[in-house]
Amino acid sequence: MSPKASTPQVPAATDPNVIRNFCIIAHIDHGKSTLADRMLQLTGVVQPRDMKAQYLDRMDIERDRGITIKSQAVRMPWEYQDETYAFHMIDTPGHVDFSYEVSRSLAACEGAILLVDAAQGIEAQTLANLYLAMEHELAIIPVLNKIDLPAAMPDKYAEEIAHLIGCEPDDVLRVSGKTGEGVEALLNKLVEEVPAPVGDADAPARAMIFDSVYDTYRGVVTFVRVVDGQLSHREKIKMMSTGATHELLEIGVSQPEPESSGGLGVGEVGYLITGVKDVRQSKVGDTVTAANRPAEDIITGYQEPLPMVYSGLFPIDGSDFPVLREALEKLQLNDAALNFEPEVSAALGFGFRVGFLGLLHLEITRQRLEAEYNLDLISTAPNVIYDVVEEGGELHRVTNPSEFPDGKVNEIREPVVDSTIIVPAEFIGAVMELCQSRRGSMSGMDYLSEERVEIRYKMPLAEIVFDFFDLLKSRTKGYASFNWQGAGDQAADLVKVDILLQGDKVDAFSAITHREHAYSYGVKMASRLKELIPRQQYEVPIQAAIGSRIIARENIRAIRKDVLSKCYGGDISRKRKLLEKQKEGKKRMKMVGTVEIPQEAFIAALSSDEEAGKEKAAKK
Ligand SMILES: Nc1nc2c(ncn2[C@@H]2O[C@H](COP(=O)(O)OP(=O)(O)OP(=O)(O)O)[C@@H](O)[C@H]2O)c(=O)[nH]1
């Protein structure tokens, strides 16, 4: 292919035969960033004087402040047997909530380094991504890292990895990202083992988006891998899922600082800037083509990011509602998976029903809303999506327990997941017991080595979203690693439990649970609320109900709180002060039916068991 007009640093449309696209699959802390540092150094793209630990991670921080572009894909030159090769190292998000994005990053590569800490062995998260890489038919380069550690057991873990991917233990490379030992050999191995990209240079352009990020100054920066043809500076491009067209204001590669070029050709990985302001116009998995000569077929595998977990977010101070709306809209610019719609709750006022990819996604979003936008929020208990088939055959997608139909239903379906747990063999019993108590059914078990096993369970998503991982950790002394992926849905015996105060339903406390767990949920909520709601001037019954059937009941006894009782003598100003204070307190009460509930009671009742425990202890 003939090179096109280009800036001096980066020739556009490099010969695909010298391109090697790879990613690094590793568990947190197994040393991905440190190894990447050594590669940047050895290939000479970062000069020794500019080198700082975790170079690429630091760029993230800068990007968050809007200064530079995050380096999702770094280009590095490498001399091998008198030829200069171009490596593209592509970053993969690590967490299961973002597994679709992981899959797109893998689809942009031909090879993957499987990086395993030589003192720890492989973990469930790594395993899940390894299987994904195998599905994409990537060349796998197994590598043990941290061999400089005294605790390293490379022979033992080389056996484990060899057994897992079907190679010889001697094929497993041994490196130290810290000292640099073995890294050069690894780079040579990448040239030898990772296939060059294949594509049709003369066909209409097709490039797959594997990441897109919002940059305050430059708008959306889209990372693509060109499959066929080529994309050039200033040309009009088209997003194939939406048909929207944009002009390519800038195109280039990161090495690792962004450097613009004349274009990108077959097999090349780089970034595009079009000036759009919203990542939803540049979605991960979508295909980019040239507007004046569009391709016919999209690159397969595109999926809309689908929320798996829903939760209601309400500002504690009702007047913050517009701030919350604006904040969510801003976050959405950089998070195509976040979706929300307004929700009104009788108990909590105006807020939003927000869909998330998983609990981590929820936590990150909530933290960002609180930290960056100074919001105090109540989030309702997260729930999964249920398909409810009513008696007449009508299908309801229920994302909020309060929408659960009251009438008779034919069938309720809930999402299930395939989960993988890796533990030392001594904990098999504990893991099985826990999974079974969460309605899991075992789908398999394999010994990775004599001491470590991989256990697979099919489980309802609703059973793992809350506290499953915490329980798993505590029952396995912290040794378990856990991963899951969606596996469709199945029918289940589920019911809605309502909580009533003085006979009125409190929508924020309604929950959908398995029939067997309904009773314990009802009892728990009723007794928790009894503690949290102050006595009123009349008796207040708290009830838990399935439909019209009451399954649990507590009473808050009547009392009139006399704030002046301790105020002896005639100091009128002190009395006034106490009465003022009482008035202030009342302002923060919410009226639910005829019952006044302090805001704090909602927060405490909706917090997890663990948090509730902490709060209780703090009060004491
Ligand atoms: N002794 C030794 N320590 C290493 C080596 N590689 C990484 N480390 C250390 O292991 C820890 C984790 O390394 P990182 O490179 O941050 O690991 P990571 O996988 O990128 O971690 P995340 O960014 O959290 O995903 C750091 O304290 C490193 O200094 C190595 O080869 N030898």
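Helices and strands are here DSSP runs, with helices (H or I) of at least four residues and strands (E) of at least two, numbered from the N terminus. In those terms, D148 falls in the loop between β5 and α5. The model is a predicted one. Its protein chain contains 15 helices and 34 strands, and 43% of its 620 residues count as buried. Of the contacts between residues at least 6 apart in sequence, 69% link residues at least 24 apart.

**Annotated binding site and ligand shell**

- An unreviewed UniProt entry carries the annotation "binding site" for D29, H30, G31, K32, S33, T34, N145, K146, I147 and D148.
- The ligand is surrounded by 16 residues, and the closest of these are G31, K32, S33, T34 and K178.
- Helix α1, spanning residues 32-42, makes the greatest contribution to the shell around the ligand, with three residues.
- By class, the shell around the ligand comprises eight polar, five charged and three nonpolar residues.

- I147 is placed in the loop that runs between β5 (139-145) and α5 (154-165).
- I147 counts as buried because 21 C-beta neighbours lie inside 10 Å, and the threshold for that class is 20 or more.
- Setting aside residues up to four places away in sequence, I147 touches A118, A152, P154, R174, V175, S176 and E181.
- D148 is partly exposed, because 14 other C-beta atoms lie within 10 Å; this class falls between the limits of 12 or fewer for exposed and 20 or more for buried.
- Beyond its neighbours within four places in sequence, D148 is in contact with S176, K178, T179 and E181.
- S176 and E181 are among the contacts of I147, and both are in contact with D148 as well.
- K178, a contact of D148, is one of the closest residues to the ligand.

**Helix α9**

- V431, L434 and C435 are the buried residues named in helix α9 (residues 428-437).
- These three residues lie on the same side of α9, because they cover an arc of only 95° around the axis.
- An α-helix has 3.6 residues a turn, so residues three or four places apart point the same way.
- The exposed residues G429, E433 and S437 are carried by the face of α9 that is turned away from its buried side.
- The cover over the buried residues of α9 includes β24 (409-424), β26 (452-460) and α11 (468-475).
- R439, which follows α9, has a positive phi near 60°.

- Strand β31 (residues 540-546) is paired with strand β32 (residues 549-556) in the antiparallel sense, over seven bridges.
- Within this pairing, V540 stands opposite I556 in β32.
- Two residues lie between the strands of the hairpin, where G547 takes a positive phi near 60°.

**Backbone geometry in loops**

- Most residues other than glycine have a negative phi, and most peptide bonds are trans.
- The peptide bond from Q255 to P256 is cis, and its omega is near -25°.
- P256 is located in the loop between β12 (250-254) and β13 (258-260).
- R234, a residue other than glycine, has a positive phi near 75°.
- The loop between β9 (231-232) and β10 (236-239) holds R234, which is exposed, with 11 other C-beta atoms within 10 Å.
- N374 is not a glycine either, yet its phi is positive, at about 60°.
- N374 is placed in the loop between α8 (359-373) and β20 (377-379).
- N374 counts as exposed because it has 10 C-beta neighbours inside 10 Å, where the limit for an exposed residue is 12 or fewer.

**I19 in strand β1**

- I19 belongs to strand β1, which spans residues 19-26.
- I19 counts as buried, with 21 C-beta neighbours inside 10 Å.
- Although I19 and V191 are 172 residues apart along the chain, their C-alpha atoms are separated by 8.6 Å.
- Not counting residues up to four places away in sequence, I19 touches T14, A86, H88, A196, P197, G267 and E268.

Terms used. Residues are numbered from 1 along each chain as its sequence is written. This is a predicted model: local features need pLDDT of at least 70, side-chain atom pairs count only at pLDDT 80 or more; totals for chains, interfaces and linings use all residues. UniProt positions are given in the numbering used here, feature names are shortened, and annotations may be inferred rather than shown by experiment. Two residues are in contact if their C-beta atoms, placed from the backbone, lie within 7 Å. A residue is near a molecule or strand if its C-beta atom, placed from the backbone, lies within 6 Å of it. Ala, Val, Leu, Ile, Met, Phe, Trp, Tyr, Cys and Pro count as nonpolar, Asp, Glu, Lys and Arg as charged, and the others, Gly among them, as polar. The arc is that of the directions from the helix axis to the C-beta atoms. Two strands pair if DSSP finds at least two bridges between them.
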